[in-house]
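Please look over the sequence and coordinates before reading on.

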Amino acid sequence: MDAFLREVVICKDVLQGLENIGLSKINAFVLLGVNIDVENVFKTYIIGFVDSSFSVDDNCPHNLNTCGLAGNADLIENVQEYLNNDQFNENYSLYLNIVGSKINLWELKKIDDSIQSEKLEFQVQTKEDLSNNLLYFRTCMKLELDRKINDCDPLSTASLLEKKIGLKPLFYIKENKQYFGKLEENKTIDGIKAKTKKLDYEVLNISVYQNLSNVPTENTDTSDFPIIHQTNDHFDEELVCCQLDTLCVVPKKATYTQAYNLVYGSIIKNFQSIQSFLASNPKDLPAVHHFLPDTLCHFLTIVCSHNQIDSYSNLRKKLHNAFHLSMDRPLFRISNAYQFDAKPALDDDGLLTNVHEGLSPSGSSNMSFNLGREEELQELLRRMDNILLRGLKNGKISLIQGTYTFYHYGQGGFNDHQWGCAYRSLQTLYSWFKWQGWTNKPVPSIRDIQQILVDIGDKNKSFVGSSDWIGSMEVSFVLNAHLDVTCRIMSLRQGDTLNSVCLELSEHFDRHGTPVMIGGGVLAHTILGVDINEELGAVKFLVLDPHYTGSDSIKSIHGKGVCWKDASFWKKDTFYNLCLPLSFNGI
C-alpha cells in the first residue's frame with residue numbers, strides 16, 4: 001500500500017446522508033467502497049455507509065467492501081487511540097470525520113504497532129457521475145444442489161462449485177455478444193458498453209458455460225467404449241434446482257482479468273448464501289432478490305424462502321435500520337425488487353406499469369415564449385434577464401414513488417367509454433398499494449367497485465352493473481373501505497387554478513409518493529407528478545389519462561396516455577376535487 005498513490009472519490013449522496021443523520025460518536029458508521037489498483041494508484045469509490053452495529057456483508061454486491069469508518073472526533077488522535085485498542089484492520093484504512101459543516105478524510109496506517117494518520121484530499125461525485133465509472137455484472141445460472149447439505153465452509157463450497165462449472169469457466173456478455181476469460185491482463189473493460197441507458201446503472205448480464213463432464217485424469221479410460229462401474233454405497237441425496245443470481249460492482253478501469261475474478265467471486269458468494277439457506281431451511285426453496293432503494297447508491301441482495309420475503313419482517317427491519325432508511329414505507333418486499341429488464345414491466349394481468357418512465361421532460365425548466373401577446377413577451381424577457389444575472393434555476397420535479405399499473409378505457413374487453421374514467425383512475429391508485437406490498441387483494445373490477453359502494457351504503461343496489469359515474473369522493477370511500485387507506489380531499493372552484501396547490505402536490509409526492517386522482521364534471525384524470533419552476537412561475541403536471549383507447553405500447557402511450565400538461569388543461573368553469581391517498585407508515 002505504501003508504494004501506491006491514494007485517491008478517494010465519495011458519492012455526494014453519501015456525504016449528504018451522513019450530514020443529515022448527524023454523527024455523535026467516533027465509530028458511528030462503516031464506509032462501503034469499491035477499490036481498484038491502476039498504474040500505481042489505489043483508488044477507492046465510497047458509495048455507501050452502514051450503521052457500525054450491523055453486519056450486512058451478505059446483502060451487499062460482491063466487491064463492495066468495508067473501507068473505513070465515519071464518525072465525529074474532535075481530534076484525529078482520538079481515532080488513533082480508539083483503533084489502537086485492537087480495533088484496527090485493513091478494512092478501516094480511511095476515516096471520514098464530520099464535525100458540524102467540516103468534513104475531513106484521513107488515511108490510517110499501522111506502523112510499528114501504532115496507528116499513523118495522513119490527511120487526504122478527496123473528490124465528490126454525483127450518483128450519475130459515479131455510474132460512468134462503475135458498472136455491474138449480473139450472473140444468473142441454475143445449479144442442482146443437495147437439499148440436505150450441511151457443510152458450508154468456504155473450501156467445500158469452492159470445491160463443489162469447481163465440479164459444477166470448472167475452475168476456469170468461460171463467461172459470455174449477452175449485451176455485447178462477447179466472451180471473456182481470465183488471461184486478458186492488460187485490456188480494460190471500459191470499452192464494454194451496456195446497450196440500454198434506461199437502468200439506474202450499467203448492468204451487464206453474464207452467461208456461464210458450465211462444465212458438463214468430468215475432467216479426465218491419468219486413471220480415466222478415454223477410449224470410445226463406454227464402461228459402467230457399479231458402486232454399492234449408501235445414497236442419501238435430494239437434489240433441488242436453485243437459481244443463482246449474483247451482482248458484483250466493478251470499476252471500468254479494471255482489466256478483464258480483474259473483472260473475471262470478481263465475477264467468479266460473486267458466484268462463490270451467492271453460492272455460499274444459497275447453501276447456508278438450504279442448511280438452515282432444508283424444506284424450503286431459496287430465492288434471490290435484488291433491491292435499489294432511491295436513497296442508496298448501490299444494490300442490496302436478499303436470499304430468502306421462495307416468494308416469502310414479505311414475511312421476513314425482522315430481516316427487512318434490520319436493513320432499514322442498518323442503512324438508515326425510512327420506516328414509513330416498504331422497500332424490501334417482492335414488489336420492490338429491482339426490474340433489470342429495461343422493457344416496461346407487466347403486472348399479473350399483462351398490463352403495463354410505470355408508463356411515464358422515459359417520457360420527455362416537462363419543459364417547465366426551459367424558457368418558452370408566447371409570441372401572441374407583446375406584453376407577455378416583454379415580461380418573460382425581463383424574467384430572463386433576471387435569471388441570467390443569477391444563473392438559470394431548473395424546475396423542481398416531484399414524482400410518484402414506486403410502481404403502479406396503467407388502467408384505461410376498454411381494458412379486459414369491457415366497454416366503459418365515456419363513463420369509466422374515474423373507475424380506471426381508482427384502479428391505478430389501488431394498484432399502487434398492491435405493488436408496494438401493502439395488500440395482496442386483487443385490483444377490483446368496475447363491477448366490484450360498484451358493489452363495494454353499495455355494501456358501504458353509498459349507493460343503491462341498482463348502481464351495480466350501471467354506467468353511472470363516480471367522483472373523487474367515491475374513490476376515497478373505496479380505498480378506505482377496502483384497504484383502510486385515508487385520503488385527503490382538496491377542492492378547486494375551477495380547474496385552471498390548479499397552480500395554486502402545486503406546492504401541496506409537490507409535498508404530497510415527496511412525502512407519500514402515491515398517485516392523485518382529479519375529477520370534475522364528467523372527466524377524471526390521474527396526476528403522477530409536478531414540475532415547478534419558481535423562477536419562471538411555470539408549473540407542469542404529469543397526467544395519466546384513463547380516457548386513452550390506443551394500443552398498450554409505450555410508443556403510443558407517450559404523449560397520448562401520459563404527458564405533461566399545464567393548468568389550462570382543466571376547464572375554467574368546472575369545480576374539481578382531488579383525491580390524495582396517504583401512504584401507510586410501516587415496512
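Predicted model: local features only at pLDDT ≥ 70, side-chain atom pairs only at ≥ 80, totals over all residues.

How many cavities of 30 Å³ or more does a search of the whole structure find?

Residues are numbered from 1 along each chain as its sequence is written, and side-chain values use heavy atoms, with hydrogens and water left out.

The search finds two cavities of 30 Å³ or more. A cavity is a set of points, on a 1 Å grid over the protein atoms alone, where a 1.4 Å probe fits but cannot get out, and its lining residues have an atom within 4 Å of a point; grid points are joined across faces, edges and corners, and the volume is the space filled by probe spheres set on the points. The largest cavity holds about 110 Å³ of space and is lined by 14 residues, of which Asp-58, Cys-60, Lys-269, Asn-270 and Thr-301 lie nearest its centre. β13 (239-251), α5 and β15 each supply at least two residues of this lining, and α5 gives the most, with four residues. Helices (H or I, at least four residues) and strands (E, at least two) are DSSP runs, numbered from the N terminus.

## The eight-stranded sheet

Eight strands form an open sheet of mixed pairing in the order β7-β6-β5-β4-β2-β3-β1-β8, where two strands pair if DSSP finds at least two bridges between them. β7 (114-120) and β8 (123-125) stand at the edges, each with a single partner strand, so one side of each is left without a neighbour in the sheet. Neighbouring strands of this sheet are turned by 35° against each other on average, direction ignored; axes are lines fitted to C-alpha atoms, for helices over the stretch in contact, and angles run from 0 to 180 degrees between N-to-C directions.

Within this sheet, strand β2 (residues 29-38) pairs with strand β4 (residues 65-71) in the antiparallel sense over five bridges, and the bridge partner of Gly-33 in β4 is Asn-65. In the loop between β2 and β3 lies Glu-39, which has a positive phi of about 50° although it is not a glycine. Asn-40, placed in the loop between β2 and β3, likewise has a positive phi, of about 65°. Glu-39 is exposed (over 50% relative accessible area, with a 1.4 Å probe and protein chains only; buried is under 20% and partly exposed in between), its value being 75%, and Asn-40 is exposed at 55%.

Strands β9 (residues 134-146) and β12 (residues 203-209) run parallel and are joined by four bridges; in β12, the bridge partner of Arg-138 is Asn-205.

Helix α5 (residues 256-280) has 25 residues, and 18 of its 25 residues are buried.

## Helix α6

The buried residues of helix α6 (residues 313-322) are Arg-316, Leu-319, His-320 and Ala-322, and they pack against β3 (41-51) and β15 (300-305). Just after α6, His-324 takes a positive phi of about 50°.

How values were computed
Expected span 1.5 Å × (residues − 1). Contact = heavy atoms within 4.5 Å. 1 Å grid on protein atoms, 1.4 Å probe; cavity = no way out; pocket = protein on both sides within 12 Å on 5 of 7 lines; lining within 4 Å.
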